[in-house]
Amino acid sequence: MSQRQHRTLSWQLALGFTLLAGVCALTIGFYVVNARQHVGANYTALVADVVRAQQHPVLLRHTLDRLQESPERAPEERLGNLLWRIPQHINGVSHGLTRSQLDPAEYVPSLDTLHQAAAQLPELQNRVDELQAGVVPVELTRLGYEIENEMARAYSELNELIHVAAAEQRILMERLTWAIGALVLLVLIVVGGLMLALLRLHREREAVKRLSLVDELTGLGNRRYLKEAADRLHEQSLRNGKPLSIALLDLDLFKQLNDRLGHPTGDGVLKAFANAVQEETRQADIVSRIGGEEFCILMPDTSSEGAFEVAERIRHRIAGLTAPTLGASTMLTVSLGLATGQKQGSDFDSLYSRADKALYTAKANGRNCTRIA
Ligand SMILES: Nc1nc2c(ncn2[C@@H]2O[C@H](COP(=O)(O)OP(=O)(O)OP(=O)(O)O)[C@@H](O)[C@H]2O)c(=O)[nH]1
């Protein structure tokens with residue numbers, strides 16, 4: 001895989017991760033806003049009901065106080081209005097409580113107190129009606145204060161209960177939000193780690209694959225690399241009808257050179273040879289080292305004459321390499337065998353074998369020469 005493909009994969013993974021993180025952030029944000037609104041709305045409505053109803057005992061007390069101060073100006077209408085509204089609000093609060101998530105065991109005693117107070121209201125209404133008959137409102141105020149007391153206490157208990165529950169739920173929500181956030185973060189870290197590991201694994205696999213195709217000494221492709229390239233170029237040549245030429249190169253009397261100058265010097269010579277061959281070939285040509293001092297050049301879209309020209313150019317270049325380039329004061333020559341194929345039906349192995357025979361002929365004919373199959 002090329003560097004560009006690596007970059008594309010990295011970008012794809014980074015984009016995927018960013019999208020995932022974005023979706024997670026949006027989901028959490030949406031959840032937190034919704035949950036808060038929901039929780040808030042749940043108790044806000046109930047608190048509003050209780051607070052509104054809580055005004056009734058205050059108004060009742062206020063009205064009774066006025067009645068005591070000036071019994072001659074009895075506020076019957078106001079009292080009647082209050083006595084009509086109180087049961088409605090008690091029912092509203094009761095309805096809200098039963099729909100809430102509060103534990104009934106906690107609010108039922110206060111609600112019972114409110115219902116008991118409401119049950120006494122008809123009697124209070126009778127006392128109000130007696131006012132017109134001139135009855136002194138002693139019994140009315142006694143009963144009124146009693147009802148007011150019970151209601152005020154019950155509403156106050158309910159108010160506190162709801163506030164405590166709302167606070168507890170808020171804390172719970174916050175903890176839950178943190179826990180979900182931490183969980184999502186953990187998932188993102190794990191996914192990010194997995195993506196990095198995947199990328200690394202991929203790079204390592206590609207590096208191993210590259211190494212398995214490269215000759216360590218010269219940096220050229222090896223025999224496996226040649227095989228892959230040959231299949232591709234041969235296929236291409238058959239498809240487009242253009243000739244594919246192959247050159248097999250074998251250094252002459254390399255054993256003697258090794259024996260005389262030592263193996264490390266021989267290695268240096270092989271490297272210098274590989275560089276020179278690469279410089280004499282085109283970008284499209286595939287140069288590989290297929291054995292100790294054996295090399296191969298695949299030349300796509302190259303006729304027999306063209307391949308011979310390249311071969312001779314290489315042969316002269318090698319014969320002209322000097323000691324500073326070779327790293328040894330020695331003469332170096334190379335023998336070359338060429339073959340060109342473009343016929344349908346011919347396979348690469350037969351092309352290779354023809355080039356090999358031509359190389360054998362070159363060696364047999366005194367070396368340092370090029371022969372065509
Ligand atoms: N320095 C070095 N020598 C190598 C390497 N691979 C193979 N050789 C040597 O290359 C030599 C090849 O010898 P031969 O196959 O007899 O061929 P030659 O001496 O070149 O003779 P001809 O091919 O007939 O001209 C052997 O001595 C191998 O040890 C390598 O990587 N480094």
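Reader: What kind of model is it, and how many helices and strands does the protein have?

Author: This is a predicted model. The protein has 11 helices and 5 strands.

Reader: And how much of the protein counts as buried?

Author: Of its 373 residues, 26% count as buried. As for contacts between residues at least 6 apart in sequence, 72% of them join residues at least 24 apart.

Reader: OK, on to the ligand. Which residues come nearest?

Author: There are 16 residues around the ligand, and Asp252, Phe254, Lys255, Gly266 and Gly292 come nearest. Strand S1 (244–251), helix H7 (254–261) and helix H8 (263–280) are the elements that give two or more residues to that shell.

Reader: Which one gives the largest share?

Author: H8 does, with 4 residues.

Reader: How does the shell divide into nonpolar, polar and charged?

Author: The shell has 7 charged residues, 5 nonpolar and 4 polar.

Reader: Switching to helix H9. What span should H9 have, and what do the end C-alpha atoms give?

Author: H9 covers residues 304–319, which is 16 residues, so at 1.5 Å a residue the helix should span 22 Å. Its end C-alpha atoms are 22 Å apart, which agrees.

Reader: Which residues in H9 are buried?

Author: Ala307, Val310, Ala311, Ile314, Arg315 and Ile318 are buried in H9. They cover an arc of only 135 degrees around the axis, so they sit on the same side of H9.

Reader: What about the other side of H9, which residues are exposed there?

Author: Glu305, Arg313 and His316 are exposed on that other side of H9.

Reader: And what covers the buried residues of H9?

Author: The cover includes S1 and H8, along with strands S3 (294–300), S4 (334–341) and S5 (370–372).

Reader: New topic: where's the "transmembrane region" in UniProt?

Author: The unreviewed UniProt entry places that feature at residues 178–201. In the model, the chain there is 100% helix and 0% strand, with the end C-alpha atoms 34 Å apart.

Reader: Last one, leucine 211. Where is it found, and is it buried or exposed?

Author: Leucine 211 is found in helix H5, residues 138–213. Leucine 211 counts as exposed because it has 10 C-beta neighbours inside 10 Å, and the cut-off for exposed is 12 or fewer.

Reader: How far is leucine 211 from asparagine 222?

Author: Their C-alpha atoms are separated by 9.6 Å, and the two residues are 11 residues apart along the chain.

Key. Residues numbered from 1 in each chain as written. Predicted model: local features only at pLDDT ≥ 70, side-chain atom pairs only at ≥ 80, totals over all residues. Near = placed C-beta within 6 Å. Nonpolar A, V, L, I, M, F, W, Y, C, P; charged D, E, K, R; others polar. Expected span 1.5 Å × (residues − 1). Buried ≥ 20, exposed ≤ 12 C-beta atoms within 10 Å, placed from the backbone. Arc of directions from axis to C-beta. Contact = placed C-beta atoms within 7 Å. UniProt positions renumbered as here; feature names shortened; annotations may be inferred.
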